[in-house]
Protein chains: 4
Amino acid sequence: MITDIKVDTSQYMFAMEMAVRDYELDYQGIVNNANYLHYLEHTRHEFCRQHGITFAEMHRRGLDPVLSHVEISYRTPLRSDDTFVSCLSMRRRGPKFEFIQDIYRADGEPVIKATITVACLENGRLSRGDTLAEAVGL
Amino acid sequence: MITDIKVDTSQYMFAMEMAVRDYELDYQGIVNNANYLHYLEHTRHEFCRQHGITFAEMHRRGLDPVLSHVEISYRTPLRSDDTFVSCLSMRRRGPKFEFIQDIYRADGEPVIKATITVACLENGRLSRGDTLAEAVGL
Amino acid sequence: MITDIKVDTSQYMFAMEMAVRDYELDYQGIVNNANYLHYLEHTRHEFCRQHGITFAEMHRRGLDPVLSHVEISYRTPLRSDDTFVSCLSMRRRGPKFEFIQDIYRADGEPVIKATITVACLENGRLSRGDTLAEAVGL
Amino acid sequence: MITDIKVDTSQYMFAMEMAVRDYELDYQGIVNNANYLHYLEHTRHEFCRQHGITFAEMHRRGLDPVLSHVEISYRTPLRSDDTFVSCLSMRRRGPKFEFIQDIYRADGEPVIKATITVACLENGRLSRGDTLAEAVGL
């Protein structure tokens with residue numbers, strides 16, 4: 001479906017292609033700012049799934065990664081018909097995980113640059129998140 | 001990505017594969033009822049795009065399809081990790097369009113059965129929607 | 001905040017005032033069709049809360065009301081700055097509950113007319129929903 | 001409805017009470033991280049409305065404030081039945097606007113601390129946003 005992606009994703013640990021869905025647009029005709037957090041969450045979940053661990057399964061085992069801090073720079077808004085590449089890298093940062101998550105439009109234009117910090121709750125208490133770290137090879 | 005779909009889509013005019021995204025789940029662990037309307041809208045838009053007409057382009061030309069009536073039967077809720085097939089057929093119904101839109105889980109289980117009636121506004125007034133009809137070959 | 005509501009709600013069991021939030025609008029400048037299901041769900045939950053029973057508490061006790069059928073007639077779209085009244089009546093219908101849910105713009109103009117059928121799951125199995133029925137006095 | 005708010009909002013320019021709606025919860029039973037951006041956007045729009053200027057009206061006049069940068073610290077997640085106070089202060093920052101936006105649960109517990117930077121587009125080009133500045137008295 002997406003035929004001509006001009007994004008170099010080699011510096012990231014994971015990348016996936018997505019397309020804007022029209023219900024994500026707001027009255028300005030651009031993707032509403034909150035939906036980028038949906039894109040970013042979905043990308044983290046797909047990254048983990050690729051490593052054989054799902055958030056649903058973690059949740060059933062009492063392990064809940066939750067957002068601790070979010071920093072997003074908005075560069076170019078996505079519009080109807082846009083396809084894009086959502087890129088991710090991840091590292092441990094003390095007891096937390098830091099995700100570098102950048103989104104590029106298919107033509108290579110940067111859309112957002114984000115740093116997402118995630119803490120792992122185990123049965124409601126802050127944990128070191130070793131289950132998650134091992135699953136993704138950190 | 002989706003390897004094993006057991007859905008016969010031959011009776012429909014269009015079908016597309018989708019996957020549940022975890023942010024679409026609610027506190028019951030199932031896809032929130034409102035998100036099915038998102039799936040259905042996205043499917044209608046993709047169907048039109050396949051026929052070379054986008055809702056964004058129609059909007060720029062003063063043509064706005066809007067929902068007039070929705071009837072949905074909920075059969076089996078979608079959950080995390082589920083993939084599904086969103087199927088669509090469409091016919092004219094007087095001055096309106098009727099979409100038959102059914103969603104099946106990848107294993108063939110019916111998820112929802114929906115009938116969506118759409119009216120076409122042209123510069124804010126009800127029209128017969130000939131532009132849309134011609135584009136999709138009705 | 002809402003100063004001049006011209007809606008007669010006397011035929012309903014419950015009514016609440018709400019206002020459009022701009023993030024609920026889509027690229028057409030009207031409230032996206034899926035958001036009405038959010039309004040309707042929120043109204044059902046507030047109706048139950050008024051009767052001393054919350055969906056969160058029901059969920060903790062293994063009782064999950066889920067949508068079985070939805071029928072919505074869209075009359076007049078809501079726009080930015082609109083305030084509206086969400087009205088609800090409810091009755092038992094065999095093992096299920098039927099909610100009549102109508103939304104009116106503050107000036108009295110009908111926005112949607114909906115009939116929502118809800119089934120009650122108890123520990124994942126269909127139940128008669130007596131807990132819910134007693135709580136709301138049916 | 002909200003009877004017992006223990007939040008001192010005197011250091012902010014604006015504050016409004018809101019309540020969690022259950023459809024905003026995700027599978028973890030907490031408000032999904034993206035919905036806080038909805039709360040923050042709605043609060044900015046209500047703040048402006050209080051000053052007699054709406055985003056819909058600005059949009060009609062070709063003026064579109066858009067997010068440039070977001071920084072959010074997540075402290076305590078909101079859950080079903082929670083009510084909260086969304087507080088806002090705003091200042092000019094070169095050609096942009098900086099909003100300090102903090103959310104507190106009704107019992108005073110901090111929920112998020114956010115700094116939102118907004119740029120003003122005028123007919124698609126970056127402007128100094130004087131219309132917005134004058135309206136809110138900056």
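Visitor: Which residue stands opposite Phe97(A) in β4(A)?
Guide: Arg92(A) does. Keep in mind that this is a predicted model.

Visitor: How do β3(A) and β4(A) pair, and over how many bridges?
Guide: They pair in the antiparallel sense, over 10 bridges. The strands cover residues 83–93 for β3(A) and residues 96–105 for β4(A).

Visitor: What sits in the hairpin between those strands?
Guide: There are 2 residues between β3(A) and β4(A), and Gly94(A) in that hairpin takes a positive phi near 60°.

Visitor: Which strand pairs with β3(A) over 6 bridges?
Guide: Strand β1 of chain A, residues 14–19, and that pairing is antiparallel. Within it, Ala19(A) stands opposite Thr83(A).

Visitor: Changing topic. How many aromatic pairs are there over all chains?
Guide: The count is 20. One of them is Tyr36(A) with Tyr74(A), whose ring centres are 5.6 Å apart.

Visitor: Why does that pair count as edge-to-face?
Guide: Because the planes of Tyr36(A) and Tyr74(A) are at 80°, and the class takes planes over 60 degrees apart.

Visitor: Which parts of the chain does the pair tie together?
Guide: Tyr36(A) is in helix α1 of chain A, residues 35–50, and Tyr74(A) is in strand β2 of chain A, so the pair links parts 38 residues apart in sequence.

Visitor: What does β2 of chain A join in chain D?
Guide: β2(A), residues 63–74, is joined to β2(D) by 5 bridges, and the two run antiparallel. Ser73(A), for instance, stands opposite His69(D).

Visitor: How many residues are in that contact between chain D and chain A?
Guide: Each chain gives 24 residues. The area buried between chain D and chain A is about 2100 Å², with 50% from carbon and sulfur atoms.

Visitor: Which residues in chain D lose the most area to chain A?
Guide: Tyr27(D), Gln28(D) and Tyr74(D), which together make up 24% of what the chain D side buries.

Visitor: How many salt bridges and polar contacts cross the interface of chain D and chain A?
Guide: The rule finds 0 salt bridges there. It does find 16 residue pairs in polar contact, both residues at pLDDT 80 or more.

Visitor: Which element gives the largest share of the chain D side?
Guide: β2(D), with 11 residues. The elements giving two or more residues are α1, α2 and β2 of chain D. By type, that side divides into 11 nonpolar, 9 polar and 4 charged residues.

Visitor: And chain B with chain A, how much area do they bury?
Guide: About 1600 Å² between them, 45% of it on carbon and sulfur atoms. The contact has 19 residues from chain B and 19 residues from chain A.

Visitor: Which three residues of chain B supply more of the buried area than any other three?
Guide: Arg21(B), Tyr23(B) and Asp81(B), at 39% of the area that chain B buries against chain A.

Visitor: How many salt bridges between chain B and chain A?
Guide: The count is 4. One of the salt bridges joins the side chains of Arg21(A) and Glu24(B), at 3.9 Å from N to O. Polar contacts between chain B and chain A come to 4 residue pairs, both residues at pLDDT 80 or more.

Visitor: Which element of chain B gives the most to the side that touches chain A?
Guide: α1(B), with 7 residues. The residues on that side of chain B are 7 nonpolar, 5 polar and 7 charged.

Terms used:
Residues are numbered from 1 along each chain as its sequence is written. Chains are lettered from A and ligands numbered from 1 in the order in which they are written. This is a predicted model: local features need pLDDT of at least 70, side-chain atom pairs count only at pLDDT 80 or more; totals for chains, interfaces and linings use all residues. Side-chain values use heavy atoms; hydrogens and water are left out. Contact means heavy atoms within 4.5 Å. Buried area is the accessible area (1.4 Å probe) that two parts lose on being put together, summed over both. A polar contact is a pair of N or O atoms within 3.5 Å; within protein, one must be able to donate a hydrogen and the other to accept it, and residues adjacent in sequence count only if both atoms are side-chain atoms. Helices (H or I, at least four residues) and strands (E, at least two) are DSSP runs, numbered from the N terminus. Ala, Val, Leu, Ile, Met, Phe, Trp, Tyr, Cys and Pro count as nonpolar, Asp, Glu, Lys and Arg as charged, and the others, Gly among them, as polar. Two strands pair if DSSP finds at least two bridges between them. Rings of Phe, Tyr and Trp (its six-membered ring) pair if their centres lie within 6.5 Å; planes under 30 degrees apart count as stacked, over 60 as edge-to-face and the rest as tilted.
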